[in-house]
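Good morning, everyone, and thank you for making the time.

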Amino acid sequence: MPTRRSVLAAIGLGAVGLGLAGCGDRATATAATSFPEIPLRVGTRWSARPAGALPTSGDEGVPLRTVQQPAGTPPPSIAGGALVGHLPPAAAATYVFQDLTGVVGRIDRLGAVFGFGPGDGYGALALLALDGRPAGSGHIHLAITPQRWTAGVLVDERLQEVASDAFTAPLPQDGRPLRVDVAHRGDTAVLALPDGTMRSLSDPRFATAGASVAGWEFFRMAPGGAEVRFYETWAG
């Protein structure tokens with residue numbers, strides 16, 4: 001199993017065990033009626049980029065960094081109007097990072113337009129915000145599979161689940177664009193989920209761990225995990 005310990009240590013972002021859920025007290029998700037107005041600072045439309053190798057920076061010129069696990073996993077590239085991860089049919093992860101230190105005090109919004117391909121719930125995408133310390137923490141870790149979402153935080157290298165729920169119906173897996181967006185205000189997070197619903201979560205852990213490194217992850221836990229394609233990514 002690839003680990004965030006090896007992935008994040010490789011780029012100086014700390015060490016966090018890989019997983020979609022962890023220990024910790026759980027919060028209750030309630031329906032939300034509005035999404036906080038948080039301006040975007042970076043955003044890249046992968047669907048508008050020509051096919052080929054991953055560029056060195058996003059649309060605003062902020063550098064991109066990638067890490068692949070395990071060793072030998074091909075780097076992400078642009079193909080068919082999307083950023084694709086090229087994960088092998090085994091446990092693997094590919095991360096695309098942008099360091100917004102000096103651009104934002106902390107990341108309070110993070111999202112993507114993405115699509116699922118064939119496969120089961122052992123494939124997922126994740127949105128991450130990390131603080132870059134050797135023993136890293138971060139207030140955003142939102143994982144999405146075709147069947148469910150899991151929201152968490154990273155506290156001193158450990159992933160703690162805050163809330164999780166299944167979608168009423170599985171998300172489509174024909175590559176159609178789906179949108180996920182998360183915004184934080186203090187100890188409250190609002191999730192605009194790809195099934196069209198919005199959920200609000202309140203937890204003190206959201207307010208205690210700020211971060212300015214944005215990450216978008218392709219993840220497969222086992223063979224057969226659903227494929228993921230990113231059409232657009234953003235952070236603010």
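Predicted model: local features only at pLDDT ≥ 70, side-chain atom pairs only at ≥ 80, totals over all residues.

The protein has 236 residues, and 56% of them are buried, while its secondary structure comes to 2 helices and 17 strands.

Which residues of the largest nonpolar core touch the most other members? They are Ile144, Trp149 and Phe230, in a core that counts 48 residues, and strand 8, which covers residues 109–116, provides the largest share of this core with 4 residues. There is also a second, separate core of 9 residues, which includes Phe97, Leu130, Leu154 and Phe219. If you click on Phe230 and set aside its neighbours within four places in sequence, you will find it in contact with residues including Trp46, Leu83, Phe114, Leu125 and Trp216.

Next come the empty spaces. Rolling a probe the size of a water molecule over the atoms shows where such space is left. How many cavities of 30 Å³ or more does the structure hold? The structure holds 1, and about 40 Å³ of space lies in the largest cavity. Among the residues that line this cavity are His139, His141, His184 and Phe206, and two or more lining residues come from each of strand 10 (138–144), strand 11 (148–155), strand 13 (178–185) and strand 14 (188–192). Strand 10 gives the most to that lining, with 4 residues, and by type the lining divides into 7 nonpolar, 4 polar and no charged residues.

The largest pocket, finally, contains about 160 Å³ of space. Its lining includes Val84, His86, Phe218, Arg220, Glu227 and Arg229, with strand 16 (213–220) and strand 17 (228–235) each supplying at least two residues. Strand 16 gives the most here, with 3 residues. For this pocket the lining divides into 6 nonpolar, 2 polar and 3 charged residues, whereas the lining of the largest cavity has no charged residues.

That is everything I wanted to show, and I am happy to take questions.

Definitions and conventions: Residues numbered from 1 in each chain as written. Heavy atoms only, no water. 1 Å grid on protein atoms, 1.4 Å probe; cavity = no way out; pocket = protein on both sides within 12 Å on 5 of 7 lines; lining within 4 Å. Points joined across faces, edges and corners; volume = space filled by probe spheres on them. Nonpolar A, V, L, I, M, F, W, Y, C, P; charged D, E, K, R; others polar. Buried < 20%, exposed > 50% of the residue type's maximum accessible area, 1.4 Å probe, protein only. Core = buried A, V, L, I, M, F, W, Y, C linked by side-chain atoms within 4.5 Å. Contact = heavy atoms within 4.5 Å.
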